[in-house]
Amino acid sequence: MQIEINDTGRNNHVEIAPDVTRTGPMRIDIAGNDNRLSIAAGTKLAAGLIEIRNDRSEIAIGAGCVISGQLRLRADETRLVIGDQTTMMGAHITLHERGSIRLGRDCMLSGNIVMDVSDMHSILDAASGERINPPADIEIGDHVWIAQGVQILKGARIGRDCVIGARAVVLGGDLPAGSLAAGVPARVLREGVTWDRRRLPW
């Protein structure tokens with residue numbers, strides 16, 4: 001299918017490798033100015049939305065990825081980077097405030113996964129009126145498997161080779177590399193693991 005881009009802004013730079021394919025109803029909308037969108041070779045765009053609705057922001061999708069879901073930049077000076085060979089089957093990745101989300105190489109995201117650098121609304125100290133819930137970046141290392149229905153909250157840092165169990169809620173802070181984590185909030189159940197996309201024999 002032909003890749004259609006609806007760009008209503010100014011001075012936006014879009015670079016899509018010639019062999020990128022759209023295999024389903026994926027829409028690309030850019031409504032701001034001075035933004036960048038790059039999609040590297042061999043990536044497949046399935047169902048969903050890629051949206052930049054702000055200024056001076058960037059989405060960079062690596063080579064050989066499979067992208068299904070919603071990737072939305074909603075604030076100025078935001079950045080989303082997705083590493084090579086990463087696949088997702090229905091993630092909702094949003095940046096409602098300034099910040100960045102970075103996914104490493106060869107990550108595997110299942111369906112109904114949600115992540116955002118922001119709480120989207122303000123929590124205030126009642127006495128001073130000061131906002132007490134600032135946004136925070138999300139960092140996900142290489143070769144991380146995120147199972148169905150996981151929520152990854154602002155400030156989360158997930159090390160390489162981790163496995164995040166279904167319906168877990170990952171709070172801000174570090175999950176060490178090679179961890180199997182699950183629960184609400186997510187906690188480490190086992191260390192020293194990795195994973196394989198193949199269903200290997202016992």
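Student: How many disulfides does a search of the whole structure find?

Tutor: Before the answer, a word on what you're looking at: this is a predicted model, where local features need pLDDT of at least 70, side-chain atom pairs count only at pLDDT 80 or more, and totals for chains, interfaces and linings use all residues. Residues are numbered from 1 along each chain as its sequence is written, and side-chain values use heavy atoms, with hydrogens and water left out.

Now, the search of the whole structure turns up zero disulfides, a disulfide being a pair of cysteine sulfur atoms within 2.5 Å. Take C107: it is in no disulfide, and the nearest cysteine sulfur, that of C65, sits 9.4 Å away. For C162, the closest cysteine sulfur is the one in C107, and at 10.0 Å that is too far for a bond. C107 is buried, with a relative accessible area of 0%, and C162 is buried at 0% too. Here buried means under 20% relative accessible area, exposed means over 50%, and partly exposed is in between, using a 1.4 Å probe and protein chains only.

Buried residues make up 47% of its 202 residues. It has zero helices and 23 strands; these are DSSP runs numbered from the N terminus, with helices being H or I of at least four residues and strands E of at least two. Along the principal axes, its C-alpha atoms fill a box of roughly 60 × 50 × 20 Å. Of the contacts between residues at least 6 apart in sequence, 17% join residues at least 24 apart, where contact means heavy atoms within 4.5 Å.

Two of the strands are worth a visit. T78 is in strand β9, which covers residues 78-82, and T78 counts as buried because its relative accessibility is 2%. L95 lies in strand β11, residues 91-95, and is buried with a relative accessible area of 0%. Leaving aside neighbours within four places in sequence, T78 touches a set of residues including N54, R56, L73 and L95. E130 is another matter of distance: L95 and E130 are 35 residues apart in sequence and 22 Å apart in space, C-alpha to C-alpha.
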